[in-house]
Amino acid sequence: MNDKIRTLNIYTLFLFLLVITSCADKEKQDNPQRRGTYLVLNPSVELETSARNTNSLVASAQSQNILSGNSTVDNMQYFDEYDVLATVSNLEASIRNISRANLQQGAAKLLAATADDVATQRLALDVTFRFIMLSGDLIISNSVYKVGEEINIELDGQTTYRWFALSFESNDPELPMPNLAGTLARSELENKNFLFASGTLAAVTGENHLEIIFKRLTARIRVQLNARGLFGRINNETSISIVKNANNENAIKSGDFNIYTGIYANIQNVGPMLASTMVDEPGTPDITVKNGDFYTVDTSAVAAGNLKLRLNEVHVTLDDDRTRSFMTARDVVFNTAFTPKFGNLYELQARLVESAVRVKNILWARSNIIYTIENVDAYRLKSNPGGSTTSSGDTEFWNWQTSSPNSRDYGTLDPCTQVYPAGTWRMPTQQDWEAIGQPDENREILGYIYGAEYAYLWNRDADFPENLAYDDNNLFLSFGGYRDSTGIVYESPSGIGLGILASGQCHYWTSSQVNGAPVGVQASFSRLIWGISWGSITYPTSTTNNGKNIRCVRTSSSV
């Protein structure tokens, strides 16, 4: 009996102690002062002011969304290698109305400004930031954290701390660490989206909340390089820079940054950007449109016409997998005043367009228009000026002014106007063809047993430059035959035995009509033994369902 009572008393004592302990733990949880002094971090960042959806200050073209009509072409910038339609989006109003005439003091002034009227947003989950906290000269914390993770920093109550935070607004775990003097090296900040915040915290016993509001200490210039008008994919070796003023000073700069003073020093130029570091624009054909972000600490004003996108080298892979390289640096000029400000986003767009050949002051495409339904830009210029064959009846032989080569919507669409960027090209008129007259040269390339290629050649204007990146620097018009209404290709070039027997015809469309019938361009060639006959260019009318080649011309011929 006594043993049973003893056992019951021990069990009752155990339950009593368990209840007391549970109550104590709950009380500790409900009372933060009894579990020490801790810091809870809440990082956010000031919103970047973007020029998107504002009025664009047009440089050498109309808005990016206006791709048709003569307005874009009249503002074309012409170069030997290619032509460029360029647009800039700029926002003169800054998120801060602070003078930054002194470049090195600019960051300090921005950091000293209040943030009451500035919109902010929480940093995205997993964005990394470095947080440094000092008590006097003693480092309490110097670690890289991720947004969203639990951060426990133990503090002493009734103590004032200094703190500093930096981020690149990315998931990169390798964030720079200042040296003993508090300096972040320029090499660590070069062309980075540098966010910074600093302040003091008067800790109280218990839980402390610190709102970290990062400020953007660079201006961002986004460049969109668009090679759709070159009908090629941008190669990684393509290189771009941003320069300014008559001396072509580099507009992108970086420097050492001191976290204690908030001042940049040792300001230096940032090097060129390679296409390999740029990002494809969503919703566009693969590797034809790329975006690259430049970050600069240079906030000095640039006068209208002095901001330039320098295309150091441009390399594109063509539809036939050859690489076309343009090695001469060209400066695309933006005709608007430009004053970058920290926290602002500016956008420069450069649409590269295949250059034309000028003959008798008319700008002619270097090759025929083709239609490839598998491409987003189905209307495109052929990669080479070679002639059509019997296998290209559905892609290169067009019914007259139809939406695709075999369509029956005759006379409804000039297909040249659909070549990217829309409105840059058009079908030539009969008057355009007559203006260049008869060809300056006849060319023949004969196969050893079978096959032949024939072409007429018009010399470019004497003051028009050549460019060896292209297959021919003159107007090279290939013979390809024609396609009848049933789909059969006739008079395609042929040759036997080194041209002992050879023949072929060329058939091209104009946009002109005579008595309601469309006008074509026609010529023929034949060889019997070593007797050669080159026919003259004529302009017969034809039926709309007769498939012919088309050689486009520019909608504007002002160079």
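I began with the surface: the protein chain exposes about 25200 Å², of which carbon and sulfur atoms supply 50% (Shrake-Rupley method, 1.4 Å probe). I kept in mind that this is a predicted model, in which local features need pLDDT of at least 70, side-chain atom pairs count only at pLDDT 80 or more, and totals for chains, interfaces and linings use all residues. Residues are numbered from 1 along each chain as its sequence is written, and side-chain values use heavy atoms, with hydrogens and water left out.

Next I looked up burial, and buried residues make up 50% of the 559 in the protein chain, where buried means under 20% relative accessible area with a 1.4 Å probe, protein chains only. I then counted five helices and 40 strands, taken as DSSP runs (H or I, at least four residues, for helices; E, at least two, for strands) and numbered from the N terminus.

I turned to strand S13 (residues 219–229), which is largely enclosed by the rest of the structure because ten of its eleven residues are buried. S13 pairs with strand S21 (residues 289–296) in the antiparallel sense over eight bridges, pairing requiring at least two DSSP bridges; here Leu225 stands opposite Lys290. With strand S25 (residues 344–354) S13 runs parallel, joined by eight bridges, and Gly229 has Val353 as its bridge partner there.

Last, I checked the largest nonpolar core, which has 37 residues (buried Ala, Val, Leu, Ile, Met, Phe, Trp, Tyr and Cys joined through side-chain atoms within 4.5 Å). S13 and S25 are among the strands that each supply at least two residues of this core, while S22 gives the most, with six.
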